[in-house]
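Hello,

Here is the structure I promised to pass on.

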Amino acid sequence: MDERPPQLPDDLRAGRIPSQSGRTWLVTGATNGIGREVMRAAARAGARVILPARDAERGAEVEAELRAIGAQARVLPLDLADLASIRAFAEALDEPVDVLVNNAGAVTPRRRETRDGFELVLGTNLLGPFALTCQIADRVRGRVVVVGSGAHRAGRIDARDPHFRHRRWSISAAYAQSKLGDMLWARALQRRLQLRGSGVDVQLAHPGWSHTNIQNVTGVALLDRIVTEVTRPIAQPPAAGALPLLAAAVAELPPLTYLGPDGWRRWRGRPAGEQPSALARDDSAADAVWALCARETGVDLPGTG
């Protein structure tokens with residue numbers, strides 16, 4: 001783990017992935033933005049795709065788009081901010097998955113809570129993906145990709161108050177905490193899969209700065225448009241942001257390789273390996289985050305508790 005990754009082939013750096021015929025991909029957050037681009041690329045390469053959708057209408061729209069290009073697509077309802085919805089999804093998933101991409105994420109303009117009382121950013125970005133992966137782990141037979149962010153480098157996890165009930169909440173603090181948590185639970189997951197003798201490996205990727213709806217969080221339409229225009233010169237389109245995720249899903253890599261854009265400040269460019277922060281590589285911190293997630297969700301990886 002944590003070896004420097006090999007040089008990615010030019011085809012993968014350009015988003016040309018090998019045939020995925022006979023393989024099934026499950027990508028969360030695939031009804032828009034980067035997740036949608038990942039799902040499109042997998043479908044074009046011949047994969048059968050499972051589309052989790054919180055919004056049934058949007059899910060049907062993406063399903064129709066994929067079927068129009070000849071892809072096999074299946075929509076299942078899923079709200080990662082609702083543990084009951086995650087349990088129902090896991091029960092409904094009755095087929096093997098070769099590639100699971102935990103891509104879905106959320107940012108909010110003010111502190112909000114999920115149905116289960118979690119701070120919403122933590123619940124959607126960390127606790128939800130953790131609960132989902134643990135509950136469908138026995139159906140995953142190839143690779144798990146966890147989507148991180150450069151924001152993890154500024155993250156701090158307060159295990160006593162992870163939901164900001166007593167400390168000051170801010171967009172940046174909540175998001176950075178959730179993304180550091182993603183880097184760490186992915187690390188803990190890899191070790192637990194190895195202990196189970198599983199052939200599944202875990203990879204990490206981030207899209208850099210991409211123009212998606214996740215940045216439009218102020219709640220003020222005019223201000224969101226201004227942010228979009230101001231950041232346009234440094235951001236990249238979702239299709240480019242999807243490239244590190246696609247490479248992480250299919251490339252031959254050591255476990256826990258971290259891929260992101262190779263350009264300025266790692267905000268844009270072609271996918272390449274980079275080193276996570278020292279804290280994100282700490283096994284003790286990874287175990288502590290795993291314990292936090294298991295405590296909050298009531299879920300653990302079967303056979304490792």
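Helix 4 (residues 83-92) packs against helix 5 (residues 120-136) at an angle of about 25°, and their axes lie 9 Å apart. Angles under 35 degrees count as roughly parallel, so helix 4 is roughly parallel to helix 5. The crossing of helix 4 past helix 5 is right-handed. Keep in mind that this is a predicted model.

Which residues make that contact? From helix 4 come Leu83, Ile86, Arg87, Phe89 and Ala90. From helix 5 come Gly128, Ala131, Leu132, Gln135 and Ile136. Sorted by class, the contact of helix 4 with helix 5 has seven nonpolar residues, two polar and one charged.

Now the second pair. Helix 2 (residues 33-44) and helix 3 (residues 56-68) also pack at about 25°, with 10 Å between their axes. That angle makes helix 2 roughly parallel to helix 3. Here, too, the crossing is right-handed.

On the helix 2 side, the contact uses Arg36, Met39, Arg40 and Ala43. Helix 3 supplies Glu61, Val62, Glu65 and Leu66. How does the contact of helix 2 with helix 3 divide by class? There are four nonpolar residues, four charged and no polar ones.

Is helix 2 mostly covered or mostly uncovered? Mostly covered: nine of its twelve residues are buried. Those are Ile34, Gly35, Arg36, Glu37, Val38, Met39, Ala41, Ala42 and Ala43. Arg36, Met39 and Ala43 are therefore both buried and part of the helix 3 contact, with buried meaning under 20% relative accessible area.

What do the buried residues of helix 2 pack against? Their partners are strand 1 (24-27), strand 2 (48-53), helix 3, helix 8 (238-241) and helix 9 (243-250). After helix 2 comes Gly46, with a positive phi near 100°.

Finally, the whole protein. It holds ten helices and eight strands. Of its 305 residues, 56% are buried. Among contacts with a separation of 6 or more, 75% join residues 24 or more positions apart.

Best wishes

Technical notes. Residues are numbered from 1 along each chain as its sequence is written. This is a predicted model: local features need pLDDT of at least 70, side-chain atom pairs count only at pLDDT 80 or more; totals for chains, interfaces and linings use all residues. Side-chain values use heavy atoms; hydrogens and water are left out. Axes are lines fitted to C-alpha atoms, for helices over the stretch in contact, and angles run from 0 to 180 degrees between N-to-C directions. Helices (H or I, at least four residues) and strands (E, at least two) are DSSP runs, numbered from the N terminus. Angles under 35 degrees count as roughly parallel, over 145 as roughly antiparallel, 65 to 115 as roughly perpendicular and the rest as oblique. A crossing is left-handed if the near helix is turned anticlockwise from the far one by less than a right angle, and right-handed if clockwise. Contact means heavy atoms within 4.5 Å. Ala, Val, Leu, Ile, Met, Phe, Trp, Tyr, Cys and Pro count as nonpolar, Asp, Glu, Lys and Arg as charged, and the others, Gly among them, as polar. Buried means under 20% relative accessible area, exposed over 50%, partly exposed in between (1.4 Å probe, protein chains only).
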